[in-house]
Every structure is written in structure tokens, then in C-alpha cells.
Amino acid sequence: MAPAIPTLAIMGHPNAGKSSVVATLTENDRIQIDKRAGTTTTLDRYPVVIDGVKVIEFIDTPGFQNPNYILEWFQNHLDEADLARAFVDVHAANPLYVHDCALMRPVAEGAGIILVVDGSKRIKEKDRCEIELLRLTGRPRMAILNNTTNVTEHMEAWQDALNKAFNSVREFNAHRATYDERIRLLQALKTIDQRWEERIDETIHAFERDWDRRIDQTVTTIVDMLKEALTLKVSEVVEAFDRSSVAEREAVEKKLTASFEDGLRKLEVRAQDQIREHFRHNVWNLSPDSVLAKDLFSQEVGQALGLSRKQLAIVGMAAGAFAGAGLDLTSAGATLGAGTIFGALGGGALGFFGRDALAKVDIKKAIGVERVTMGPVTNQQFPFVLLDRVILYCARAMNWAHGRQAADEDAPNRVPDKSLNKAFTAELASEQHKALAKFFVAARKGKDLAKHEEACRQIIRGVLRGLSRSEIDSRANL
Ligand SMILES: Nc1nc2c(ncn2[C@@H]2O[C@H](COP(=O)(O)OP(=O)(O)O)[C@@H](O)[C@H]2O)c(=O)[nH]1
Ligand SMILES: [Mg+2]
């Protein structure tokens, strides 16, 4: 009897990439993947559960022990209606075939087969033997050509051999596959057994709904981060200082700036943690070429992300008019005379955000001490930079295959890739820039927020949807 939900046994040689394929398809980066052969020694079941409902199940297997024997036995029992079932029944008690029986049992119970082969290796006699014995089971079966290197010379021979024996043959790179490619693989699974069509359609819809929901959650994470970043204020109580002394002014400003920047960094890290969770990532490594690996306030980040000077000028006018107070936006740090204290220094650490300082500074005197407050952010470029960074982070979270885990395959002799540092906001339309700028002002002032937040959400949602439509080269090591 066929299982109630589509169930697929993943078969193939040790190191063909079976566990990687399962990890990517089920978005489970905790599956053990190892350079040594034979990491998987038991059958492991990996159900995909969406909204508490199991929609599909993959069974990761360790590969055959005696394929030659099984094939020979199959060939000598071709009159059996169900070879997999018959093989297991006859050999269940035979210690020599415990392993092969365990492997065949899910197939005997009606599971379909996904054979994973490493297309970079030459096809061998043992492979042909396995291909033939899987064909003889008569089960719905798909073959996945997983290329673990850049060697393509053997791919055609594999295609030829596999096409004759499988209902569907797909190239699928367990380390590079994107959301789109996962969906396409599922779509192909429909064709290997008509009886599954409806269930797999439901599964695909469940995947799509789930993906949309994650995008919505991510939009919320981003908008919340922006709102918090744009209202953040930090205070330091310092001893009354001598304003005529540059050294003393600098010391106070340094302390304040450090805690303000730290506050912003923490908000960014918290948003990143949430995004990783939305897209079910536990392990990965950052490319050192990515601006994500650089400090939020570093020169590289300021140069790579955000709007161009010209775009910023246009947006500045619109947002300034909207805010009704150009002063508020353009002369940051000028309140309560603090500007005259810190203004001249603002060009230092924060200079890359343009001529404007990062945030307002406010000083209140008490007896013997002064309370210096920094915030909220008034710099117009900063929220665009912050938004660009988080979008880059999303691009990575959405397109990093779970089977890749914290792969280090391209660590040595890797060519630095500048395309990793795309400024997404700079590519938006001018109207969108203005809408975002209005949201930033509204967020900072806590005024008319609802109205402008929805516009901002829509813009971000649009960008994120674009990221999963393979707009980003899946090969980019984001
Ligand atoms: N570069 C690259 N390496 C892969 C790919 N798939 C698997 N590997 C590597 O091949 C090795 C074996 O993979 P694994 O999934 O454990 O194979 P299994 O023994 O068939 O389960 C691991 O080091 C993987 O990281 C791939 O698509 N690209
Ligand atoms: Mg494995």
C-alpha cells in the first residue's frame, strides 16, 4: 500500500550528496553532512511539516551494500509482481543482507525513489547496476544529477544512462539551489507518479504560502528595526567638561558615539537573527567580500550602500518639505547649542554618511554633571544604508541552500566578488525613495506612522519577492 503522503527514499553512493540534497529540500541545515564517506549509517526520516501538517517525507539512506547481488536476485525473479517487497521478505532474516533490507524496506512499503548521483564523476559499472535495479523495482523514480565540482564532461553520459531508467532526470545542485529551484524540483516530482499529483500540488502550495508568510514576517522585522533605529536615543552622564578643551569635548563625544553606534549595531544584529530564523538557518558562513562582514559604520559600508548623492538630494527636498522643518533634517546636532560643541567633530567617525552628522545631540546640565544624549538619527543616508544591509542579509538568507551548511569550498583562491555588495535601494524609483524617506521621518517623529508604514512595507515586500525570483544569480556567494 502506498504511504498516505508522498514519501521519497534518497538513494545513491556515499558522498554523492544525498544528505546535502535532503538538507536543501527540507531546509534543514542540521542534517549531518561530512567529507568522509558513509556519514549516514541509518535511515533517517525527514518530514516536511507545514502548519503542523506533514506534507512530504524524505528518507536519507546510507547507500547499497550489495547492489550486484540485489540486481542478480531481481533478474532471477522477474515474475515477482513486486521485487522490492519480495526481496525484503526473503532476506529479512539473513544477516548478510540486513543492511540492504533496511534500505529496501521503505521502497517495499511504497516509497518513491530519488537517486542522487555525483555528475562530476565518471559513470561506473556499479552505477549502472544500481540504476538497473532501481528501474526493476518499478517504483516512481527521479534521478538527481548533483554536481559537486565544476567538472561537466561526464554529465551527458549520466543523462543517457539515467534517462532510460528514470521517469525524470534533473540537475540540482544541493549547494546552490534556490527556493525557485526547489519548487521546480517538486513540480517535476509530480510527473513521476500521477497518483501524487494532487498531494504534491498541495505541498507546493503549502511551500509557497509558507514562503510568502516568511517574507511578511521579514518585512515586519525590517520595519520594526527601522522604527527602533530611528527613535533610538542613548544618554551618558559625564562630569561637567571644559568646552574650550578639544580633548575633553572629543572624549565626551567619543563615549557617546560609541554607545549610540552600539545601540544601532545591536538592533541590526537582532533583526539578522530573526531573519535567519524566518528562513531556518542555523549554520552558514559569511563571505569575507560581503559588506555584511564589515562593521555597519565602516567606510566600505558607507561607500557601497545607500543612495547616491544626487538621489539623496532629491529625497532630502521631498522629505524636508514633508517634515515641515528642513532644519530638523539637515542641521543635525544643532539643538541646544550642542552643535557648536560637537558639530565640528561630527565630520570624523560619521563623516561617510555625508556632510550631516548621524544624530542629534542634546546636553542637559545638572549639579556637577551633564547628561549628554545622542539620538534620534537625523542623517538621511543612514536609514537607506541600514535598509540596504538588511536586504543584502535577506538575499543571503533566502538563497543560501541549507545543504551547503557552513561550506568552505570556495575559501582558497577565491576571487573577490564585488557584486555581493549591491545597493538595492539605489535601484528603486524616485517615488519609492520619497515614500521611504517619508516613512523614515514619520518613524522618527512617531507621527502619521501608519500611513507611511504601509507604503514602506509594500516597497520592501516587492524587493524581497524579487530576491527569490532568481533575480540574484544563485551562484553568487552572497
Ligand atoms: N561543492 C559541492 N559539494 C557538495 C555538493 N553536494 C555534496 N557536496 C559535498 O560532498 C560531500 C558528501 O555530501 P553528503 O551530502 O554527506 O553525501 P552523502 O554521503 O551522499 O549523504 C560533503 O562534503 C558535501 O559538502 C554540491 O552540490 N557541491
Ligand atoms: Mg549522507
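Me: Which residue does V361 stand opposite in β9?
Reply: V361 stands opposite M374. This is a predicted model, with local features needing pLDDT of at least 70 and side-chain atom pairs counting only at pLDDT 80 or more. Residues are numbered from 1 along each chain as its sequence is written.

Me: What makes β8 and β9 a pair?
Reply: Two strands (E runs in DSSP of at least two residues) pair if DSSP finds at least two bridges between them. β8 and β9 (residues 369–377) have 6 bridges, in the antiparallel sense, so they count as paired.

Me: Why are β7 and β8 said to stand at the edges?
Reply: The open sheet runs in the order β7-β9-β8. β7 (234–239) and β8 (359–365) each have a single partner strand, so one side of each has no neighbour in the sheet.

Me: Which residues of α8 and α15 make the contact?
Reply: Contact means heavy atoms within 4.5 Å. On α8, V223, L226, K227, L230 and T231 take part, and on α15, F439, F440, A443 and R444 do.

Terms used: Chains lettered and ligands numbered in written order. Heavy atoms only, no water. Helix = DSSP H or I, 4+ residues; strand = E, 2+ residues; numbered from the N terminus.
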